[in-house]
Amino acid sequence: MRMICVVDSRWGVGREEALLFYIPADMRFFKETTTGNVVVMGSNTLRSFPRQQPLKDRVNIVLSETEIDTPGVICCTSMDDLMEEISRYDPDSVFLIGGASMYDQLMDCCTDALITRVDAVGDADREIQSLDDREGWELVEVSEPMEDNGFRFVFTRYVNHNVRENPTPLDTLIAEAEESGVQAAVGVIDVDGNAEAVEVTAEEAAVDPEKEAAEIADLLAAVQAMGQAAGADAIEVSSGGEDDDETEEDSTW
Ligand SMILES: NC(=O)c1ccc[n+]([C@@H]2O[C@H](COP(=O)([O-])OP(=O)(O)OC[C@H]3O[C@@H](n4cnc5c(N)ncnc54)[C@H](OP(=O)(O)O)[C@@H]3O)[C@@H](O)[C@H]2O)c1
């Protein structure tokens with residue numbers, strides 16, 4: 001699988017369920033690259049398309065916990081189903097096209113990434129981790145600087161020297177935590193004997209004070225399921241900030 005994405009100078013990818021910039025030259029590049037191939041996306045990205053319709057002349061695979069019966073959409077309701085569906089195609093023909101949660105979970109399963117880097121700050125509410133800082137990734141190509149619709153940008157390609165077959169429970173956990181808007185989550189998961197730790201802070205998580213107990217409970221259940229699947233010895237999750245004790249929950253086993 002390959003990744004394709006346009007980012008601003010802070011690796012922001014979207015704002016209010018839309019792209020940050022309108023750059024026709026980049027949209028042409030996206031269309032030319034993906035047409036005739038397979039595109040893999042999260043349900044929010046499908047909803048961000050015109051009339052919420054799949055992309056023409058491409059196989060559209062969408063991940064959603066809820067079945068989507070839009071014609072032309074192959075819906076997968078779990079990450080396992082998605083990985084199985086993807087395995088039916090030539091890996092070079094499959095493009096991970098977003099959005100942020102999908103990049104977070106699946107970027108390390110991609111062999112390379114076509115990243116359009118825009119020299120601007122787009123005031124994003126969805127960001128991804130910089131591939132410049134991510135272990136295993138190397139910048140191998142940078143185009144001449146270009147300009148379109150008032151934006152300066154370069155086309156780049158990164159290669160992943162450490163391709164994973166499946167997303168780790170940790171990647172999924174981080175995406176769940178960010179989506180649930182928890183204030184903070186600290187988890188230690190023992191995967192294949194290697195302890196990994198993650199802290200999702202209030203700053204990183206899209207904190208929404210309206211989202212409370214129900215979503216936190218969902219997160220907790222997801223963390224527990226992932227921990228069990230990964231054979232974790234112990235997981236601790238806490239939610240709620242210093243001034244928000246009422247929503248605090250803990251779970252350890
Ligand atoms: N810059 C770019 O190149 C680019 C490309 C694409 C999108 N974007 C932008 O990115 C933003 C959208 O990103 P996003 O993170 O909010 O949404 P997203 O990744 O497109 O979709 C998230 C949804 O995918 C489903 N999902 C994700 N992980 C799952 C899992 N492990 N199991 C089951 N379902 C799962 C869930 O759908 P359900 O809620 O239906 O269960 C979840 O709500 C928008 O602003 C969009 O414009 C930018």
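Helices (H or I, at least four residues) and strands (E, at least two) are DSSP runs, numbered from the N terminus. The model is a predicted one. By that numbering, Thr-111 is found in the loop between α4 and β7.

**Surroundings of the ligand**

- Around the ligand there are 29 residues, of which Gly-14, Gly-42, Asn-44, Gly-98 and Gly-99 come nearest.
- Two or more residues of this shell are given by each of β1 (2-7), β2 (12-14), β3 (38-42), α2 (43-48), β6 (94-98), α4 (100-106) and α5 (169-180).
- The shell is made up, by class, of 12 nonpolar, 14 polar and three charged residues.

**Nonpolar core**

- In soluble globular proteins, nonpolar side chains tend to be buried together.
- The largest nonpolar core has 39 residues, and those touching the most other members are Cys-5, Val-40, Leu-96, Tyr-103, Cys-110 and Ala-113.
- At least two residues of this core come from each of β1, β3, β4 (59-63), β6, α4, β7 (112-118) and β11 (151-160).
- Leaving aside residues up to four places away in sequence, Tyr-103 touches Met-3, Cys-5, Leu-96, Gly-98 and Ile-128.

- Thr-111 counts as partly exposed because 14 other C-beta atoms lie within 10 Å, whereas a buried residue has 20 or more and an exposed one 12 or fewer.
- Beyond residues up to four places away in sequence, Thr-111 touches Met-1, Arg-2, Pro-91, Asn-160 and Val-163.
- Thr-111 and Arg-164 are 53 residues apart along the chain, and their C-alpha atoms are separated by 8.9 Å.

Key
Residues are numbered from 1 along each chain as its sequence is written. This is a predicted model: local features need pLDDT of at least 70, side-chain atom pairs count only at pLDDT 80 or more; totals for chains, interfaces and linings use all residues. A residue is near a molecule or strand if its C-beta atom, placed from the backbone, lies within 6 Å of it. Ala, Val, Leu, Ile, Met, Phe, Trp, Tyr, Cys and Pro count as nonpolar, Asp, Glu, Lys and Arg as charged, and the others, Gly among them, as polar. A nonpolar core is a set of buried Ala, Val, Leu, Ile, Met, Phe, Trp, Tyr and Cys residues joined through C-beta atoms within 7 Å. Two residues are in contact if their C-beta atoms, placed from the backbone, lie within 7 Å.
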